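This report describes how parts of one protein chain are arranged. Please look at the sequence and the structure below before reading on.

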Amino acid sequence: MRTTTYDAVVVGARPAGAATAMLLARAGLRVLVVDRAAYGADTVSTHALLRGGVMQLARWRLLDPIAAAGTPAVGRCIFRYGDREVDVPIKPRAGVDALYAPRRTELDPILVDAARDAGADVRFGVSVTDLVGKGRVTGVVGQDEHGRPFAANARITIGADGIGSTVARLVGAPVEQSGGSAAAFIYGYCEGLPADRYQLWYQLGVAAGSFPTNHGQACVFVASPPPRMRHELRSGTNPAYAKLLAEAAPELLDGVRDPSRLRLFAGRRTGYVRRSHGPGWALVGDAGYFKDPITSHGLTDALRDAELLSRAIIAAAAGETTEPMALAEYQSVRDRLSARLFAITDRIASFRWDLDSIAGLLTDLSDSMADEMHWLGELDARHDLMETT
Ligand SMILES: Cc1cc2nc3c(=O)[nH]c(=O)nc-3n(C[C@H](O)[C@H](O)[C@H](O)COP(=O)(O)OP(=O)(O)OC[C@H]3O[C@@H](n4cnc5c(N)ncnc54)[C@H](O)[C@@H]3O)c2cc1C
């Protein structure tokens, strides 16, 4: 078996992994990114990118392909709490004048192509089963797309392998913070809903949302506490979806008569923050930090944290700092930017709110994203300063 040596091996080629690989490769590092899934495969997730995520795609010059894939530009978010409606226009700020909700079959390949264009080696159908190295991780082993043994050595191994992260398990990354709540979801696609707005509905014990996406469709989800979802699912997925939608967003029912491809997320996993670095390894995206999908922030986190982690690795590779210091700083900034989001998401996912308090929680959520926007904005300021000096 031939073993190739890289500066970085990234396990997982979706938002966190592909974006990290792209940024490392753009900086001139030799990068391998592998995924056991197929290129362009779908995954269980709705699609709403929030401002920070869109900002990252714009900074990386990837918004054009997102728009070229027919992803509608979303100019407003409409929140409905019982009978109350709050219409929030997306103000042009920090280079972002619209939000986007691309299908994962569009977003993930765009990020993968950008990593490949930057010079990363990208391989699909490759499953990582073990890590190499004693004391310090020095690479990965597994099976390639033909079922043959596969190995790669690297100065750093990055687990971007999602909620069931093999890398996190193999390094024994401890969970440093846990959430207490989880929501269950059913979502599907339908045509004929407005393409210019995210819409979110909150009623006691149930929520729904509509995100306009590619191919003239909107992704429509319903969410509830898992015990309620399990109860409704006893009559089947379609009846459960229709019943929860009728409760959360009755005005949507007419538009969603024939939803296609309903997908279920059972809500068995509460949020966690894992220690995300150690000798020769780091975790990024859901592998290191997961919060309930109810606040639609996981993709934005992944794109933000890909930037944080890649900057740390690049600084260490350039000898500007040591690897342990750079990686500790990565986690510390990630955790600082995420702390309020994590706590508020956990409260929203609990469904232990009334229609007044959910409005307050969503205002807090929006405020808590200001830290992240400020940090991302500063990056550009620092970058501009470096380019002009
Ligand atoms: C129901 C639901 C709705 C959601 N809605 C939204 C939303 O509207 N907006 C939003 O921002 N976020 C949303 N999220 C969250 C979002 O999907 C995740 O945060 C995001 O996918 C995390 O990206 P990632 O790259 O970290 O991991 P993932 O997307 O999970 O990718 C991990 C990859 O690693 C690969 N992998 C795993 N193990 C191995 C291995 N051993 N070897 C090789 N490859 C491996 C997998 O094949 C996979 O492709 C939602 C999630 C769910 C479940």
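In this predicted model, the axes of helix 6 (residues 226-233) and helix 7 (residues 237-248) come within 8 Å and cross at roughly 125°. Angles over 145 degrees count as roughly antiparallel and 65 to 115 as roughly perpendicular. Helix 6 and helix 7 are therefore oblique to each other. On the side of helix 6, the residues that take part in the contact are Arg-228, Met-229, Glu-232 and Leu-233. They meet Thr-237, Ala-240, Lys-243, Leu-244 and Glu-247 in helix 7. By type, the residues of this contact of helix 6 with helix 7 divide into four nonpolar, one polar and four charged.

Helix 7 can also be checked for its length. With 12 residues at 1.5 Å a residue, helix 7 should span 16 Å. The C-alpha atoms at its ends are 16 Å apart, which agrees.

Which residues of helix 7 are buried? They are Ala-240, Tyr-241, Leu-244, Leu-245 and Ala-248. Seen down the axis of helix 7, these buried residues fall within an arc of 125°, so they line one face of the helix. Ala-240 and Leu-244 are among the buried residues, and both also belong to the contact with helix 6.

The next topic is a set of loop residues. Arg-61 has a phi near 60°, a positive value in a residue other than glycine. Arg-61 is found in the loop between helix 2 (51-59) and helix 3 (63-68). Ser-296 is not a glycine either, yet its phi is positive, at about 50°. Ser-296 is placed in the loop between strand 18 (289-290) and helix 8 (298-317). Ile-294 lies in the loop between strand 18 and helix 8 as well.

The table gives the values.

| Residue | Relative accessible area | Class |
|---|---|---|
| Arg-61 | 64% | exposed |
| Ser-296 | 16% | buried |
| Ile-294 | 6% | buried |

What does Ile-294 touch, leaving out residues up to four places away in sequence? Its contacts are Ala-183, Phe-185, Ala-223, Thr-345, Ile-348, Ala-349 and Phe-351.

How values were computed: Residues numbered from 1 in each chain as written. Predicted model: local features only at pLDDT ≥ 70, side-chain atom pairs only at ≥ 80, totals over all residues. Heavy atoms only, no water. Axes fitted to C-alpha atoms, helices over the stretch in contact; angles between N-to-C directions. Helix = DSSP H or I, 4+ residues; strand = E, 2+ residues; numbered from the N terminus. Parallel < 35°, antiparallel > 145°, perpendicular 65-115°, else oblique. Contact = heavy atoms within 4.5 Å. Nonpolar A, V, L, I, M, F, W, Y, C, P; charged D, E, K, R; others polar. Expected span 1.5 Å × (residues − 1). Buried < 20%, exposed > 50% of the residue type's maximum accessible area, 1.4 Å probe, protein only. Arc of directions from axis to C-beta.
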